[in-house]
Amino acid sequence: MYDALTAQYTFGCPVRGSAAVPLSSFRRLERLPGTSHPVVYRVAFNCTCGDEHLGLVGHDDLDWAPLGLAGMAFANLMTARMENADAEFGDAAARRIGAGEWPWSFFCYPEQRPRPVFPSAFFLLAPGGRGDVVGLAVRCPACGSVSVNLVSEQHVDVPFHNDGEVGVVEHVFAADALRTIEQFRAELYSADFDGRRLLL
Ligand SMILES: [Zn+2]
Ligand SMILES: [Zn+2]
């Protein structure tokens, strides 16, 4: 499913049989109702064949596999600490998290501060219209509000690569404001972005 060497997820493709795509090719993530052990996400992704398809990703694959930590530890985003870490905690990624580095982060506009996050908090992604820039809608794990950031592809695809500065849409979104990828794209192309430093 997730290949740590290429940092790509493999999904079925009706044209090519299967396709491997990075996280930045995801377009929409949606928690599948009724799933809990594990939670499963329905993902719309931009396929290498040029079409958009749906695939399923388990929570472990989404948040932990990129860190080589699937199922080993549990991060408390409210306290920004690893908890219940077991004997496998000696892993390099876990040590970096323990030292205060976060694999993913974003700027929470309502709180006016950067926050650590995991990919399962991303719910809409779209090309940002210039260069390798990706528009990212995130549901803040701390305050529950929605923020839209403009980041590099590496910021999304490479754990522990955090852009020094990200674009932030200066707008407080209603909880249900960004329902579709079309609404999100329209917002991305019309919004003004303000650069914010991402030092956690
Ligand atoms: Zn395809
Ligand atoms: Zn927040």
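Strand β11, residues 122-127, has five of its six residues buried, so the rest of the structure largely encloses it. This is a predicted model.

**Strands β11 and β12**
- β11 pairs with strand β12, residues 133-139, through five bridges.
- The two strands run antiparallel.
- Across this pairing, alanine 126 faces glycine 135 of β12.
- In a regular strand, side chains alternate between the two faces of the sheet.

**Helix α4**
- Helix α4 spans residues 181-190, and its buried residues include Ile181, Phe184 and Leu188.
- Viewed down the axis of α4, the buried residues fall within an arc of 55°, so they line one face of the helix.
- That buried set packs against β11 and β12, and also against β4 (26-31), β13 (146-152) and β15 (193-197).
- Glu182, Tyr189 and Ser190 are exposed, on the face of α4 turned away from the buried side.

**Zinc site (ligand 2)**
- The zinc ion takes its protein donors from Cys108 (SG), Glu111 (OE), Cys140 (SG) and Cys143 (SG).
- These donors lie 2.0 to 2.3 Å from the zinc ion.
- The site is tetrahedral, with angles of 104 to 120° among the four donor atoms.
- For four tetrahedral donors, the ideal angle at a metal is 109.5 degrees.
- Along the chain, the donor spacing reads C-x2-E-x28-C-x2-C.
- Cysteine 108 has a relative accessible area of 0%, so it counts as buried.
- Glutamate 111 has a relative accessible area of 26%, so it counts as partly exposed.

Terms used:
Residues are numbered from 1 along each chain as its sequence is written. Chains are lettered from A and ligands numbered from 1 in the order in which they are written. This is a predicted model: local features need pLDDT of at least 70, side-chain atom pairs count only at pLDDT 80 or more; totals for chains, interfaces and linings use all residues. Side-chain values use heavy atoms; hydrogens and water are left out. Donors are N, O and S atoms within 2.8 Å of the metal (3.2 Å for Na, K and Ca); water is not among the atoms, so sites may look incomplete. Four donors count as tetrahedral if all angles lie between 85 and 135 degrees; four count as square planar and six as octahedral if opposite donors are over 155 degrees apart and all others between 65 and 115; anything else is irregular. Buried means under 20% relative accessible area, exposed over 50%, partly exposed in between (1.4 Å probe, protein chains only). Helices (H or I, at least four residues) and strands (E, at least two) are DSSP runs, numbered from the N terminus. Two strands pair if DSSP finds at least two bridges between them. The arc is that of the directions from the helix axis to the C-beta atoms. Contact means heavy atoms within 4.5 Å.
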